[in-house]
Amino acid sequence: MFLKKFYPYFYLSLFYILANVLLRLIVLFHPITQAHFTFSEISKIFILGSFSDFFVFILASSFLWLYLLFISNSKYQKPYGYIVFSLLSGLLIYLKFANTILNEYGGSLPEIVIYFLSIKTFFFGLLLFLPKYRKTIRFWLFSFVIFLYVLLIIQNTISEFFFWNEFGVRYNFIAVDYLIYTNEVIGNIMESYPVIPIFIGLFFISGFITYLIVKKTKVYLDEIPTFKEKIRIAVLVIACSGLSLLAIPFLAGKENSSNVFTNELQANGIHKFYLAFMNSELDYLKFYKTVPENEAMATLKMQIPNLKNDGLLRKIISDSAETPKNVVLITIESYSAEFFKHYGNESKLTPFLDSIADQSLLFTNLYAVGNRTVRGLEAVTLCLPPTAGESVVKRKDNKNKFSTASIFKKKGYQVKYLYGGDAYFDNMQDFFSGNDYEIVDKKSFQPNEITFSNVWGVCDEDMAKKAIQVMNAEAKTGKPFFNHWMTVSNHRPFTYPDGRIDIPGNAKSREGGVKYTDFALKQFFNMAKKQSWYNNTVFVIIADHCASSAGKTELPLDKYRIPAMIFSPNHVAPRQYNNLMSQIDVMPTLFGLLHFNYDSKFFGQDVLSPDYKPRAFIATYQNLGLIKDNVLTILSPKQDVKQYDLKVINNPKLKPEFQIFYDENKMSTARQDLVKETISYYQTASETLKKKAYQKQ
């Protein structure tokens, strides 16, 4: 029967769909999936989701089709078999020893092609010269191909579960980054999870399922399709692939529920990965709602003091003499506001930071601009709203920007970026070195300076000691310094030296990571207090982003609320600043405290200035949000605009300024003034970068 020729496709697609159904069931009841689902939503998740899986598999099975297409006996007949083998051998020798076009591309491409051709030539030779064993060899090759498909399906399913466990979404831009930075990611997985038992189980399960599928599909080898049958199969495969290319985006368009978890569960992870990969940079004017450029600038003039009609450049003039203190900016990995006692945490995870918060200028109502480290670094370095697509840190055009470093450099400061890992990760090396920073990272450490490290770098204690060494050397020059230290220890796998806190270093718990980082910061300050430069230094402490970004709405406010403070007992009076503000405002506020006079292009503002108008920016790589007047406005691709009325979910144990959680209720009537303001901010920021108008002076 002709239909039997499709058995390999049928059983593998069935297995892929069942694997995704199981995945959806598991993550549906995962604790991170904070939502209730209606019967209609459940139906969409499993019915439309399964259709998406089917069409995605059709495209993924193209490789299987190509493999099956070339299975035949006729090509091994004389003289064709010998001619083909000679051609393959000659091509292999040519690619191995000649300077071919592949070498012009560099990288691993020549090696990959040579390895593939070597394997192809080797097995073609076996099948040609060992006709008695041809059927057996072909069976095991067929079984191996089926095994690879099964293995990849299971591995992808497990990967999607762990990704959901970490972020509460299907594959997105983060997964694309993870594919690029394989050393850190693989190392993270190796240190975070019981990899060996997982992979042993994975291979056994894959082998068993392969056995079942091969048993049902080996009829393809027993009755190899004729040339005419292969033509019919090819026509059908191509037609189905064309249908899939239309069906997949159509079904993706049905991911339109107000419940974000419904959309994520309905989606296919591989398709989501593809979309993230293709949309690393989004042209704002093409994908988002816009206003005329002159209207955008006119709107911003009402929000940003002293703004000119022709651009962002303006003069910031202080009413007092400048006080050029040393500045140490500490951005803390994955530190949510809800870890702090002030915001209601009763687990005593941050005793040191809790204690100095009461001695600092504490920003109680501050939001991170994004949910990745590179977004936090971008915010405190460039002080502009997050633009659609990838962070500026990761883009090619990321150098010579108007930055906090450029301000300090003009004031005669020494400028350094301190990072306990390898700064090549997340393109930090390229970004910071291209924007006036010297870099001190793990490569700067001598072996005897490292007491503990994991895949992300040396522990925060070791980096604290190195930071003290660096600052002592800088102080001896007589010039002020600005050092930006990015911590690493509060990151999965959450390992750190034993004996430091009451949670073992191998417990691999987030609570341990949070508490250890707090301990390491205490050690840093204990050492700093003994140094000559301490009393002339201002410390800025802020999280890069929250510990988790998953929520039941597109931009859940509690997943962006972070702690931030400016600490300098001799120069900054303790107080709480309770107005709404953004991560991009912290450094301009510091410049105000230091009474700096400077030319500015920053979107960020000095929040202590009397003409500051409270607002905050929060975003993913696609959804761009503005919080103002208890309204969240979100701009999305396809010119989509949504607004939500924000109602605090009151915790009676907390003061009003420390309330974190909000109900986000979709508004039926839009606040057009806020829509226009949101568009003006994001459109201008995107176009300013695109036109290279955000370069340093």
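**View 1. Pro 493 and its cis peptide bond.** Pro 493 sits in the loop between β9 (481-486) and α22; helices (H or I, at least four residues) and strands (E, at least two) are DSSP runs, numbered from the N terminus. The peptide bond from Arg 492 to Pro 493 is cis, with omega near 25°. Everything shown here belongs to a predicted model, in which local features need pLDDT of at least 70 and side-chain atom pairs count only at pLDDT 80 or more, while totals for chains, interfaces and linings use all residues. Residues are numbered from 1 along each chain as its sequence is written, and side-chain values use heavy atoms, with hydrogens and water left out.

**View 2. Pro 79 and another cis bond.** Here you can look for Pro 79 in the loop between α3 and α4 (80-97). The peptide bond that leads from Lys 78 to Pro 79 is cis, and its omega is near -5°. As background for this view and the next, most residues other than glycine have a negative phi, and most peptide bonds are trans.

**View 3. Two loop residues with positive phi.** Asn 306 is not a glycine, yet it has a positive phi of about 65°. You will find Asn 306 in the loop between α16 (293-301) and β1 (314-316). Asp 629, also a residue other than glycine, has a positive phi near 55°. Asp 629 lies in the loop between β16 (624-628) and β17. With a relative accessible area of 46%, Asp 629 is partly exposed; buried means under 20% relative accessible area, exposed over 50%, and partly exposed in between (1.4 Å probe, protein chains only).

**View 4. Ile 634 in strand β17.** Strand β17 (residues 631-636) holds Ile 634. Ile 634 counts as buried, because its relative accessibility is 1%. Leaving aside neighbours within four places in sequence, Ile 634 is in contact with Glu 554, Leu 555, Asn 623, Leu 624, Gly 625, Asp 640, Val 641, Lys 642 and Tyr 644, where contact means heavy atoms within 4.5 Å. Ile 634 and Thr 678 are 44 residues apart in sequence, and 8.0 Å apart in space from C-alpha to C-alpha.

**View 5. Helix α2 and its cover.** Helix α2 (residues 39-60) has 22 residues and reaches 31 Å from its first C-alpha to its last, close to the 32 Å expected at 1.5 Å a residue; the expected span is 1.5 Å times one less than the number of residues. Among the buried residues of α2 are Ile 45, Phe 46, Phe 55, Val 56, Phe 57 and Ile 58. Glu 41, Lys 44 and Asp 53 are buried in α2 as well. The cover over the buried residues of α2 includes α1 (7-28), α3 (62-69), α7 (134-167), α12 (227-252), α13 (260-266) and α14 (269-278).

**View 6. Helix α21 beside helix α22.** The axes of α21 (residues 460-475) and α22 (residues 510-528) come within 9 Å and cross at roughly 25°; axes are lines fitted to C-alpha atoms, for helices over the stretch in contact, and angles run from 0 to 180 degrees between N-to-C directions. That makes α21 roughly parallel to α22; angles under 35 degrees count as roughly parallel, over 145 as roughly antiparallel, 65 to 115 as roughly perpendicular and the rest as oblique. Residues of α21 in the contact include Ala 464, Ile 468 and Met 471, and those of α22 include Phe 519, Phe 524 and Met 527. By class, the contact of α21 with α22 has 10 nonpolar, 2 polar and 3 charged residues; Ala, Val, Leu, Ile, Met, Phe, Trp, Tyr, Cys and Pro count as nonpolar, Asp, Glu, Lys and Arg as charged, and the others, Gly among them, as polar.

**View 7. Helix α7 crossing helix α10.** The axes of α7 and α10 (residues 195-217) come within 8 Å and cross at roughly 130°. That makes α7 oblique to α10. The contact is made by residues including Phe 139, Phe 142 and Ile 146 of α7 and Ile 198, Leu 202 and Phe 203 of α10. The residues of this contact of α7 with α10 divide into 16 nonpolar, 6 polar and no charged. Val 145 also lies in helix α7, and at 17% relative accessibility Val 145 counts as buried. Not counting residues up to four places away in sequence, Val 145 touches Leu 64 and Tyr 67.
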